[in-house]
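Hello,

Here is the structure we discussed, with the sequence alongside.

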Amino acid sequence: MSDVQTTTHATEPYRLYLNEDQIPKRWYNLRADMPEKPDPIRLPNGAVATHADLAPVFADKLVDQELDDETPYFDIPAGVLEMYKVYRPSPLCRAYNLERALGTPAKIFYKFEGNNTSGSHKLNSALAQAYYAHEQGLSTITTETGAGQWGTALAEAAAHYHLDLDVFMVRCSYEQKPFRRNIMETFGANVTPSPSDSTEVGRRMLAEHPEDASGSLGTAISEAVERALHVPENRGRYQLGSVLNQVVLHQSIIGLESYEALRELGEYPDIVIGCAGGGSNLGGLIAPFMRDKLTGVHPDTRFIAVEPASCPSLTRGRYAYDFADTGQTCPLCKMYTLGNGFIPSPDHAGGLRYHGMSPIVSKLHHDGYLDAEAVLQTDVFAAAERFAKLETILPAPESAHAILVAMREAEKCRETGEAKTILFGLTGTGYFDMVAYDKFNRGEMEDHVPSDEELERGFATIPAVPGIQEAGGLA
Ligand SMILES: Cc1ncc(COP(=O)(O)O)c(C=O)c1O
């Protein structure tokens with residue numbers, strides 16, 4: 001725990017920017033230091049997925065990264081590093097105004113990833129994934145997007161590396177955020193609302209759930225995978241913005257820069273907090289700090305994943321093998337899941353509306369290294385607006401989940417008098433979320449917490465896997 005601050009207000013900067021040459025040259029693979037590895041990806045018949053199984057869907061180099069639990073560091077290719085320099089290093093900010101308003105002795109730091117056109121951390125992995133597709137000589141990439149940040153990031157990356165991009169955008173976000181679609185189209189992407197009638201999976205979802213066409217990330221993923229597999233001459237691949245090990249690897253740049261910036265300040269966090277949709281920003285932010293915990297260097301650091309109460313995979317889900325997508329076309333990941341058929345309510349943190357969770361984050365939670373909390377969206381928006389007024393950044397609703405819990409932890413410090421150091425990830429900006437902010441300001445926002453019955457309906461879609469688990473994922 002840190003000393004109570006007296007002079008630090010005068011000596012620590014509001015924003016610390018590392019130099020360009022301090023951008024990490026390697027991504028860090030947290031799996032290498034995990035005492036127990038995440039369970040392997042499997043095919044529906046229970047067999048462990050191999051490179052040959054995954055290569056038709058993902059670019060080759062990304063499959064290598066996906067399956068590698070041992071190599072601690074991967075060199076960032078020069079072509080990616082060059083693009084990182086366009087918007088990195090991102091600043092590590094000290095939330096002095098928030099600290100003062102809360103009257104807390106805690107020091108609150110946040111890593112701000114919204115300083116690029118995508119408005120979020122998603123560009124860190126989009127550039128890497130598009131680069132590898134380009135390097136492999138592919139013509140087309142496909143993807144899903146929820147809130148729109150990932151689609152925007154990949155549209156930027158695809159434009160840079162001269163790839164065609166098809167984006168399936170969760171329909172409720174497509175309707176709530178027309179400008180997001182416009183940006184993607186400006187960068188040259190084709191954007192289709194999901195569920196759509198342009199894929200077999202989409203048509204099936206529309207026929208089976210005509211009452212609920214608001215969509216989900218799970219359905220959009222199925223559509224994007226199907227589209228990738230139909231690109232002529234095997235020159236299409238699918239790219240996913242979260243969940244996968246490779247994405248957590250790329251996002252380690254967030255944690256590595258935070259680690260270095262805090263080291264320059266002579267600080268170390270007592271608590272690290274991130275919002276969790278598919279787990280990529282959280283996994284990346286915590287990576288080097290979790291390494292220190294796992295290797296006994298800093299065993300007492302606390303980690304908190306924050307998720308919406310409307311889509312509570314870590315706090316109420318089952319730890320089981322499940323499809324990454326609603327159409328059940330992807331391989332199976334062992335993760336906390338609400339069931340691939342769970343359709344979350346159309347809450348405003350679109351990027352957190354996903355039934356599953358990164359296998360790395362899931363394993364850390366399962367093994368007791370990472371706590372999880374679920375919060376209500378009305379509380380999230382209240383925290384977002386308070387933060388915006390104090391710190392001037394209008395946060396993405398997803399990011400505001402982390403803000404809320406950081407504020408709560410800082411308030412606890414006020415009660416106990418402990419001067420803890422808190423680090424949270426401010427993953428992006430909320431300028432395209434004004435429909436949501438407007439609803440909140442008018443008092444029209446509601447909270448939806450799924451009943452146990454609703455969750456059971458989702459769990460019922462977790463598949464039986466021969467020799468591994470029964471249907472429902474309990475045994
Ligand atoms: C701003 C922002 N933060 C967080 C997330 C959640 O994703 P992940 O859990 O992969 O970091 C998203 C996803 O779209 C996002 O757009």
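The notes below cover confidence, the ligand, helix packing and some backbone details.

This is a predicted model, in which local features need pLDDT of at least 70 and side-chain atom pairs count only at pLDDT 80 or more, while totals for chains, interfaces and linings use all residues. Residues are numbered from 1 along each chain as its sequence is written.

Confidence

The mean pLDDT of the protein chain is 95, and 98% of its residues reach 70 or more; pLDDT is the predictor's confidence in each residue, from 0 to 100. Helices (DSSP H or I, at least four residues) and strands (DSSP E, at least two) are DSSP runs, numbered from the N terminus. On that numbering, confidence is lowest in helix 1 (residues 8–11), with a mean of 56, and highest in strand 10 (residues 271–275), at 99. Over residues 1–8 pLDDT stays under 50, and the model has 13 contacts beyond four places in sequence for them. Two residues are in contact if their C-beta atoms, placed from the backbone, lie within 7 Å.

Ligand

The ligand is surrounded by 21 residues, and the closest are Ser242, Gly277, Asn281, Gly351 and Gly428. A residue is near a molecule or strand here if its C-beta atom, placed from the backbone, lies within 6 Å of it. By class, this shell has seven nonpolar, 13 polar and one charged residues. Ala, Val, Leu, Ile, Met, Phe, Trp, Tyr, Cys and Pro count as nonpolar, Asp, Glu, Lys and Arg as charged, and the others, Gly among them, as polar. Helix 7 (149–160), helix 13 (280–294) and helix 17 (397–416) each supply at least two residues of the shell. Helix 13 gives the most, with three residues.

Helix packing

Axes are lines fitted to C-alpha atoms, for helices over the stretch in contact, and angles run from 0 to 180 degrees between N-to-C directions. Angles under 35 degrees count as roughly parallel, over 145 as roughly antiparallel, 65 to 115 as roughly perpendicular and the rest as oblique.

The axes of helix 7 and helix 9 (residues 178–186) come within 8 Å and cross at roughly 15 degrees. That makes helix 7 roughly parallel to helix 9. Gly151, Thr152 and Ala155 of helix 7 make the contact with Arg180, Ile183 and Met184 of helix 9. These residues divide into three nonpolar, two polar and one charged.

Helix 16 (residues 377–391) packs against helix 17 at an angle of about 85 degrees, with the axes 8 Å apart. Helix 16 is therefore roughly perpendicular to helix 17. From helix 16 the contact includes Asp379, Phe381 and Phe387, and from helix 17 it includes Pro397, His401 and Met407. The residues of this contact divide into ten nonpolar, one polar and one charged.

The axes of helix 4 (78–87) and helix 6 (residues 123–135) come within 10 Å and cross at roughly 150 degrees. The two helices are therefore roughly antiparallel to each other. Gly79, Val80, Met83 and Tyr87 in helix 4 meet Leu123, Leu127, Ala128 and Tyr131 in helix 6. By class, that contact has seven nonpolar, one polar and no charged residues.

Backbone details

Where are the cis peptide bonds described here? One runs from arginine 88 to proline 89, with omega near -5 degrees, and proline 89 lies in the loop between helix 4 and strand 4 (92–94). Another joins serine 194 and proline 195, with omega about 5 degrees; proline 195 is in the loop between strand 8 (190–194) and helix 10 (200–208).

Histidine 162 has phi near 60 degrees, a positive value in a residue other than glycine. Histidine 162 lies in the loop between helix 7 and strand 7 (164–170).

Regards
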